[in-house]
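Please examine the predicted model shown below.

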Amino acid sequence: MLKQQPINWLRPSNDFVFKLLFGSDDGVSKDLLLAFCNDLFNVPSGQSLVNIEILNPILNKGSITDKLAILDVKARAVGYGFINLEMQVNNQKNIHKRSLYYASKLIEEQMGEGEEYKKLKKVITINVMDFYYFSSDMYVNQFGLRGIRESAVYPDDLINIYFIEMPTFTDLAQDEKIHPNDRMAKWLRFLTNKDDTRWVEMAKQDPIIEKAINKLQRASLDPETRMQYEAREKALKDIASIRGEALEEGALIKVQEIAKKLISKGMEIEFIAEMTGLSKSEVTKLKDEMGN
């Protein structure tokens, strides 16, 4: 039951809070993640996903202030496949490539030595973005493998990538262009809400959103969680600041430090070049220097 006293609510669009809501090791997060996926995939009634395992529920406190940390949610939906879900606050101009990279990693991680390819399960990457990215007038854009010819169908629906633009949803909602049967609309209203007077009303409209708001309320009232939230907010602002300084002022040393950290985490050279603005040859040179 929602408390009526004034609360300084945390924002669910913060990637730390988003991870707390959908990626914690508790029954509520699993319920929220299942409902979110069923609505996004538009699973018909009676065929809903019913069991999901969150694979990375532990949130290292050091990652909250780590400017390069990706606070994603990795999960396995029993009988369906593997899911990677994350909130993206800053537009780093590479989300399309990163998504394909993460999908590929989910495929690779399924393969042990001697494993058969036919055992591969579907992988889905879901990006909830707090910025515009596509020119489409839809707030959800879905991509998968397809043939160049319209009639060509790939034999396996192995990879699906979703991009959810929160600002586009807000624009459509303001213009009253959201279909009344849109199953994702309630999630986007929850994630984009900045009016604290609306939480109680929103909770009354849907039981699963009430569950999400109750969890958000508990987090908002917890002093330690608020400290972590504020630390993450600062880190997110620093990300934008560092990238801006690096690109606009030529702060090469900062860029190289970022590149080295990504190299130490085992990231691919192309991915690092995309993230930092360095050329692939410059990243390769840094990698060779680190190896000596």
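In this predicted model, the largest nonpolar core comprises 55 residues, among which Phe36, Phe41, Ile126, Trp187 and Phe190 touch the most other members. The element that gives the most to this core is helix α2, spanning residues 27-40, with 7 residues. In soluble globular proteins, nonpolar side chains tend to be buried together.

Apart from neighbours within four places in sequence, Ile126 is in contact with Phe36, Leu40 and Phe41, with Ile83, Asn84, Leu85 and Glu86, and with Tyr162 and Ile164.

Helix α2 also holds Asp39. Asp39 counts as buried because its relative accessibility is 11%, under the 20% cut-off. Its side chain makes a polar contact of 2.8 Å with the side chain of Trp187, a residue listed above among the core members that touch the most others. When neighbours within four places in sequence are left aside, Asp39 is in contact with Arg183, Met184, Lys186 and Trp187.

At the level of the whole protein chain, there are 12 helices and 6 strands. A compact globule of 292 residues would have a radius of gyration near 19 Å, so the value of 20 Å for the protein chain agrees with that expectation. The C-alpha trace spans about 60 × 50 × 40 Å along its principal axes. Of the contacts with a separation of 6 or more, 67% join residues 24 or more positions apart. Of the 292 residues, 45% count as buried. The protein chain exposes about 16100 Å², of which carbon and sulfur atoms supply 50%.

Notes. Residues are numbered from 1 along each chain as its sequence is written. This is a predicted model: local features need pLDDT of at least 70, side-chain atom pairs count only at pLDDT 80 or more; totals for chains, interfaces and linings use all residues. Side-chain values use heavy atoms; hydrogens and water are left out. A nonpolar core is a set of buried Ala, Val, Leu, Ile, Met, Phe, Trp, Tyr and Cys residues joined through side-chain atoms within 4.5 Å. Buried means under 20% relative accessible area, exposed over 50%, partly exposed in between (1.4 Å probe, protein chains only). Helices (H or I, at least four residues) and strands (E, at least two) are DSSP runs, numbered from the N terminus. Contact means heavy atoms within 4.5 Å. A polar contact is a pair of N or O atoms within 3.5 Å; within protein, one must be able to donate a hydrogen and the other to accept it, and residues adjacent in sequence count only if both atoms are side-chain atoms. The radius of gyration is taken over C-alpha atoms; the globule rule is 2.2 Å times the number of residues to the power 0.38. Accessible areas come from the Shrake-Rupley method with a 1.4 Å probe; for residues, only the protein chains shown count as cover.
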